[in-house]
Amino acid sequence: MQILTTPQELAAQCRAWHKAGDDIALVPTMGYYHAGHEDLMAHGRTLGKRLVVSLFVNPTQFGPDEDLAAYPRDAERDAAIAASHGADVLFMPEPGSMYAPDHATWVEVPDLAKGLCGQSRPIHFRGVCTVVLKLFMLSAADVAVFGQKDWQQQAILRRMARDLNLPMRIETRPTVREADGLALSSRNVYLTPEERAQAPEIRRGLLHAQKLAQEGETSASLLREAVLRRWADLLPLGRLDYLSIVHPESLAPLDKIDGPALMACAVRMGKARLIDNIILR
């Protein structure tokens with residue numbers, strides 16, 4: 001596995017692979033790998049002759065009061081994991097090589113970014129779209145792999161790819177979870193033992209709403225209230241960021257469940273902000 005640190009090196013290597021007839025799969029990450037990242041890499045390995053994994057804690061998707069400086073990092077361990085999953089390249093750039101001091105160009109999908117996580121993280125998806133488009137262009141990837149836990153992110157990136165006629169395919173992998181249902185996240189290390197014990201109730205609340213919807217409940221407000229009541233009893237350490245029911249593709253809020261519907265949430269527990277989602281119908 002090569003470790004490349006500049007955009008120019010990555011672009012040159014990927015051009016050489018394409019010239020040789022090799023297709024390329026891309027797995028963009030911010031590192032501190034867990035089994036969810038490993039699943040993305042393993043799937044990416046099956047999709048192309050070459051596998052590029054990027055490891056970049058992208059500063060432009062963090063707000064001024066967020067955890068950029070504290071975000072967990074272990075580059076040496078991550079490199080070993082990427083190599084063990086067959087990565088041909090681990091791309092680890094410094095922020096200065098990805099963003100000039102006077103960087104002024106942004107990519108946005110404002111309609112899809114204004115709700116859900118965008119309510120409390122207004123610049124987040126602008127940073128995500130911009131850095132992912134950079135990675136798409138540098139790697140000229142044929143396919144890119146993302147996780148379903150970040151549902152809003154992958155919906156926005158799909159719309160970006162469609163609207164800009166980007167030639168790569170985007171694949172989404174199911175959320176990888178702990179045995180008790182908690183979605184894996186690099187930020188789970190922030191949880192105290194007490195918070196970690198309650199955190200699986202996030203998923204159980206969503207499953208409760210799914211069961212009610214499948215039994216015939218169609219009112220989004222009643223489904224939301226049922227989850228909030230459960231969380232009030234079983235998730236007292238959680239502070240709600242949002243709990244919303246939206247269309248899975250347009251992310252438009254739904255009042256009535258009469259077709260495809262996604263329930264998505266963000267819950268703050270101590271230093272951690274945990275997101276999850278579930279298809280209701």
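Predicted model: local features only at pLDDT ≥ 70, side-chain atom pairs only at ≥ 80, totals over all residues.
Residues are numbered from 1 along each chain as its sequence is written, and side-chain values use heavy atoms, without hydrogens and water. Local features need pLDDT of at least 70 and side-chain atom pairs pLDDT 80 or more, while totals for chains, interfaces and linings use all residues.

Helix 3 spans residues 75-84. Helices (H or I, at least four residues) and strands (E, at least two) are DSSP runs, numbered from the N terminus. The buried residues of helix 3 are Asp 78, Ala 79, Ile 81 and Ala 82. Buried means under 20% relative accessible area, exposed over 50%, and partly exposed in between (1.4 Å probe, protein chains only). These residues lie on the same side of helix 3 because they cover an arc of only 165° around the axis, taken from the directions from the helix axis to the C-beta atoms. The face turned away carries the exposed Glu 76 and Ser 84. Just after helix 3, Gly 86 has a positive phi of about 85°.

The count of salt bridges is 17. Each joins a side-chain nitrogen of Lys or Arg to a carboxyl oxygen of Asp or Glu within 4 Å. Asp 88 pairs with Arg 45 at 3.1 Å. The two are 43 residues apart, Asp 88 in the loop between helix 3 and strand 4 and Arg 45 in helix 2. Asp 88 is buried at 18%; Arg 45 is partly exposed at 26%.

Arg 203 is found in helix 10 (residues 201-214). Arg 203 is buried yet has no salt bridge, and Asp 276, the nearest side chain of opposite charge, is 4.4 Å away.

Definitions and conventions
Lys, Arg positive; Asp, Glu negative; His and termini not counted.
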